[in-house]
Amino acid sequence: MQGHVITWLFFEDCFLGRYFPYDEQEWKQGEFDKLVLGSLSVDEYLAKFNELVKFARFRMERPTLIFLAAKFRMGLSEDIAGYLVGSASRDFGTLVQQCRDIEDLCNSSKAKIADTKGTNSSTSWKDENFAGKGKDAADFCMCS
């Protein structure tokens with residue numbers, strides 16, 4: 001191949017074709033297509049996303065971070081995605097941080113609720129903040 005320029009994409013296609021059978025590539029593509037947050041934490045979801053993204057079918061054109069952010073957002077649970085409506089960043093790194101912040105907020109709300117359920121005082125945190133409103137803190141944090 002003297003005198004021929006070998007691009008990274010060409011090398012990658014040749015390498016994958018030889019050492020990573022096509023049916024396995026298709027399997028990984030399917031995993032990426034179906035990937036959702038589910039019961040994973042945001043960091044676990046991100047790790048799986050990063051593991052599988054290299055098998056996605058856009059090797060001929062490298063995806064933009066905006067595209068990756070949109071794909072990441074599509075796999076989020078309704079709990080987190082509901083908080084992002086209208087405010088989700090198109091920047092991948094910022095979006096991931098927003099998701100982590102929402103997850104932390106929801107987890108701290110759950111912990112606060114759990115702490116108050118065990119108290120024997122006549123007025124609990126729930127009673128003080130939601131008395132007469134017919135709601136509890138879980139109604140305001142979609143992460144219950």
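Because the model is predicted, local features need pLDDT of at least 70 and side-chain atom pairs count only at pLDDT 80 or more, while totals for chains, interfaces and linings use all residues. Residues are numbered from 1 along each chain as its sequence is written, and side-chain values use heavy atoms, with hydrogens and water left out.

**Overall composition**

The protein chain contains eight helices and zero strands; helices (H or I, at least four residues) and strands (E, at least two) are DSSP runs numbered from the N terminus. Of the 144 residues in the chain, 29% are buried, where buried means under 20% relative accessible area, exposed over 50%, and partly exposed in between, with a 1.4 Å probe and protein chains only. The chain exposes about 9,900 Å², of which carbon and sulfur atoms supply 56%; these areas come from the Shrake-Rupley method with a 1.4 Å probe. Among contacts (heavy atoms within 4.5 Å) with a separation of 6 or more, 54% join residues 24 or more positions apart.

**The nonpolar core**

In soluble globular proteins, nonpolar side chains tend to be buried together. A nonpolar core is a set of buried Ala, Val, Leu, Ile, Met, Phe, Trp, Tyr and Cys residues joined through side-chain atoms within 4.5 Å. The largest such core here has 25 residues, and those with the most contacts inside it include Phe 49, Phe 72, Leu 84 and Cys 99.

Leaving aside residues up to four places away in sequence, Phe 72 touches Tyr 45, Leu 46, Phe 49, Phe 92, Leu 95, Val 96 and Cys 99.

**Packing of α2 against α3**

Helix α2 (residues 22-34) packs with α3 at an angle of about 145°, their axes lying 9 Å apart; axes are lines fitted to C-alpha atoms over the stretch in contact, and angles run from 0 to 180 degrees between N-to-C directions. Lys 28, Glu 31 and Phe 32 of α2 meet Lys 48, Phe 49, Glu 51, Leu 52 and Val 53 of α3.

**Glu 103**

Glu 103 belongs to helix α6 and is buried, with a relative accessible area of 16%. Not counting residues up to four places away in sequence, Glu 103 touches Leu 40, Ser 41, Val 42 and Ile 80. Glu 103 and Asp 79, 24 residues apart in sequence, are 8.9 Å apart in space, C-alpha to C-alpha.
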